[in-house]
Amino acid sequence: MEMAAAATSEEGMETLIRDFEQIYQGYKDAVLEIQTLKSSYCAEITRREALELACSDLKNDNERLKKLYANSLTKLTHQMRCHIKCQSLKEELKDADDRLIGLEDNHRKAIEHLLQESELKIHDLERQLRSSRNS
């Protein structure tokens with residue numbers, strides 16, 4: 001009976017050792033999984049921080065580009081106003097030139113008319129003078 005008890009005791013011990021080894025292997029697997037999850041967690045935190053930094057950079061770039069765009073639109077608007085004013089001034093200048101040419105032409109015609117009248121009067125006076133001398 002001692003033999004049977006020893007065999008049973010030995011059998012129980014082997015079962016106990018196998019159960020312990022399974023528990024221990026489960027523990028090691030759990031520790032490995034925890035380390036893997038911790039590593040993944042750290043990698044995700046790093047990735048999140050990188051994305052937040054990229055997002056912040058994009059927001060800053062967006063603000064800078066908005067300001068550049070607004071400045072460009074302001075400059076373009078100013079250039080358009082200057083161009084419109086320039087065109088208006090060119091039209092005014094052309095109208096003033098046309099009026100000046102018209103005035104110069106009228107002045108020239110008036111002077112020619114006065115010269116012709118003066119010549120006629122001079123001839124008439126010369127004729128009157130000659131006829132008064134002859135008489």
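Is C82 buried, partly exposed or exposed, and what is its relative accessible area? In this predicted model, where local features need pLDDT of at least 70, side-chain atom pairs count only at pLDDT 80 or more and totals for chains, interfaces and linings use all residues, C82 is partly exposed at 40%. Residues are numbered from 1 along each chain as its sequence is written, and side-chain values use heavy atoms, with hydrogens and water left out.

**View 1. Accessibility of C82 and C86.** C82 has a relative accessible area of 40% and C86 one of 35%, so that both fall in the partly exposed class, which lies between buried (under 20% relative accessible area) and exposed (over 50%), for a 1.4 Å probe and protein chains only.

**View 2. The sulfur atoms of C82 and C86.** The structure holds zero disulfides, a disulfide being a pair of cysteine sulfur atoms within 2.5 Å. C82 is in no disulfide, and the nearest cysteine sulfur, that of C86, is 8.8 Å away, which is too far for a bond.

**View 3. The aromatic pair F20 and Y24.** Rings of Phe, Tyr and Trp (its six-membered ring) pair if their centres lie within 6.5 Å, with planes under 30 degrees apart counted as stacked, over 60 as edge-to-face and the rest as tilted. By this rule there is one aromatic pair: the ring centres of F20 and Y24 are 6.3 Å apart and their planes stand at 15°, so the pair is stacked.

**View 4. Accessibility of F20 and Y24.** F20 counts as exposed, at 55% relative accessibility, whereas Y24 is partly exposed, with a relative accessible area of 43%.
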